[in-house]
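Me: I've got a model open and would like to talk it through. Can you start with a spot you'd look at, and we'll go from there?

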Amino acid sequence: MAKDVDNQKERASWASTLTEPKLADGTAISVEAFLGDWDAFAGKDMKIVLPDEKEDNTPEDKPSATTEFVLDTTKDLTAFAQGSKVDGDTEKAGTEDYFTLIYSAKSKVDGSNKTFDDGYEATQRVNFGGAITTEKNAIKFTTGNAATVKVWWVEGGDDNRQMTILNANGEEAASTNETLAKNATCISELELAEAGTYYLGGKENNNYIFKVVVTEAGGSSDKPQRADWASVAAPEITNIALNAEDAGKIDVTVRARKTDNRSEAFLCN
């Protein structure tokens with residue numbers, strides 16, 4: 001009988017009408033009622049056969065992603081005069097606060113209009129006031145991978161001062177090798193071969209820093225290689241039974257070996 005349609009007058013006189021989900025003998029209609037003691041899988045080979053060939057899971061050579069962090073002193077810092085800080089005062093700045101500026105009592109952030117060869121224009125600079133150490137006069141940052149450090153800076157004296165990067169132990173990791181007149185603009189790139197914590201600043205004495213960009217090499221996204229099929233144990237059906245809560249479902253229990261070599265049972269219905 002269709003829902004909400006009474007067609008009983010059209011039915012043959014000998015046709016019975018079900019008013020509840022039961023068989024003629026009163027047994028509730030269910031999978032169990034129809035199957036009875038019949039085991040649909042009795043005498044059948046339920047072994048699952050896996051392919052013999054080895055699947056090629058060699059990772060594809062894809063370009064590594066890169067992550068760029070920028071410190072622009074014109075946009076990211078607020079000016080302050082010399083004497084406003086004490087040795088060791090810090091300030092986080094730049095992309096996601098990636099950089100930590102470590103000031104000294106001689107440090108200041110002041111105005112300075114400069115245009116660099118690549119067209120970058122700045123109106124403010126960091127003037128640390130002295131040579132770099134890991135305790136002061138430095139821009140600190142921590143990389144998760146190898147990285148390239150690009151610095152927009154101005155020569156702070158007439159003694160050919162360089163920019164340098166120290167590692168966490170205070171050892172020189174990379175330095176510029178420029179020949180510059182006092183107040184000359186320069187754009188330098190320095191390479192860091194491994195992840196770590198680093199400090200950027202003037203090597204022999206103070207230089208003026210306008211912008212820093214750290215570009216980290218992307219981490220590997222390669223997945224572990226899948227094991228050869230020959231070394232993977234075939235899953236095994238260990239039990240088939242009617243679902244205890246829903247007679248309309250059949251539970252099939254399969255035991256399979258996971259990739260960490262543990263054997264676990266999985267229930268499918």
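**Around one serine**

Reply: Start at Ser107: a polar atom of its side chain lies 2.8 Å from the backbone oxygen of Phe128. That is a polar contact, a pair of N or O atoms within 3.5 Å; within protein, one must be able to donate a hydrogen and the other to accept it, and residues adjacent in sequence count only if both atoms are side-chain atoms. Bear in mind that this is a predicted model, where local features need pLDDT of at least 70, side-chain atom pairs count only at pLDDT 80 or more, and totals for chains, interfaces and linings use all residues. Residues are numbered from 1 along each chain as its sequence is written, and side-chain values use heavy atoms, with hydrogens and water left out.

Me: Which backbone nitrogen does the side chain of Ser107 reach?

Reply: That of Ser104, at 2.9 Å.

Me: Where is Ser107 found, and is it buried or exposed?

Reply: Ser107 sits in the loop between β3 and β4. Helices (H or I, at least four residues) and strands (E, at least two) are DSSP runs, numbered from the N terminus. Ser107 is buried, with a relative accessible area of 1%; buried means under 20%, exposed over 50%, and partly exposed in between (1.4 Å probe, protein chains only).

Me: What does Ser107 touch, not counting residues up to four places away in sequence?

Reply: Its contacts are Phe80, Ala81, Gln82, Gly83, Asn127, Phe128 and Asn137. Contact means heavy atoms within 4.5 Å.

Me: Switching to rings. How many aromatic pairs are there?

Reply: The count is 10 aromatic pairs. Rings of Phe, Tyr and Trp (its six-membered ring) pair if their centres lie within 6.5 Å; planes under 30 degrees apart count as stacked, over 60 as edge-to-face and the rest as tilted. One of them joins Phe80 and Tyr103: the ring centres are 5.0 Å apart and the planes stand at 80°, so this pair is edge-to-face.

Me: Where do Phe80 and Tyr103 lie?

Reply: Phe80 is in the loop between α2 (73–76) and β2 (90–93), and Tyr103 is in the loop between β3 (99–102) and β4 (108–115), so the pair ties together parts that are 23 residues apart in sequence. Both Phe80 and Tyr103 are buried.

Me: What about Tyr98 and Phe99?

Reply: Tyr98 and Phe99 also make an edge-to-face aromatic pair, 5.0 Å centre to centre with 80° between the planes. Tyr98 is buried at a relative accessible area of 12%, and Phe99 is buried at 0%. Ring pairs link Tyr98 and Phe99 with Phe69, Phe141 and Tyr198 into a cluster.

Me: Which rings does Lys211 lie over?

Reply: Lys211 lies over the face of Tyr120, at 4.7 Å from the ring centre, and over the face of Trp152, at 4.6 Å. A charge sits over a ring if NZ of Lys or CZ of Arg is within 6 Å of the ring centre and within 35 degrees of the ring normal.

Me: OK, sheets now. What's the strand order in the open sheet of 6 strands?

Reply: The order is β2-β3-β6-β11-β8-β9, with antiparallel pairing. Two strands pair if DSSP finds at least two bridges between them. At the edges are β2 and β9 (172–175), each with a single partner strand, so one side of each has no neighbour in the sheet.

Me: How do β2 and β3 pair?

Reply: They're antiparallel, over 4 bridges. Thr90 stands opposite Ile102 in β3, and Lys92 has Thr100 as its bridge partner there. The two strands form a hairpin with 5 residues between them, and Gly94 in the turn has a positive phi of about 85°.

Me: What about positive phi in a residue other than glycine?

Reply: Asn183 has one, near 70°. Asn183 is in the loop between β9 and β10 (185–192) and is partly exposed, at 39% relative accessibility. Asn160 has a positive phi too, about 55°. Asn160 lies in the loop between β7 (147–154) and β8 (163–167), and is partly exposed at 28%.

Me: And the protein overall: how many helices and strands?

Reply: There are 2 helices and 15 strands. Of its 269 residues, 29% count as buried. Among contacts between residues at least 6 apart in sequence, 66% join residues at least 24 apart.
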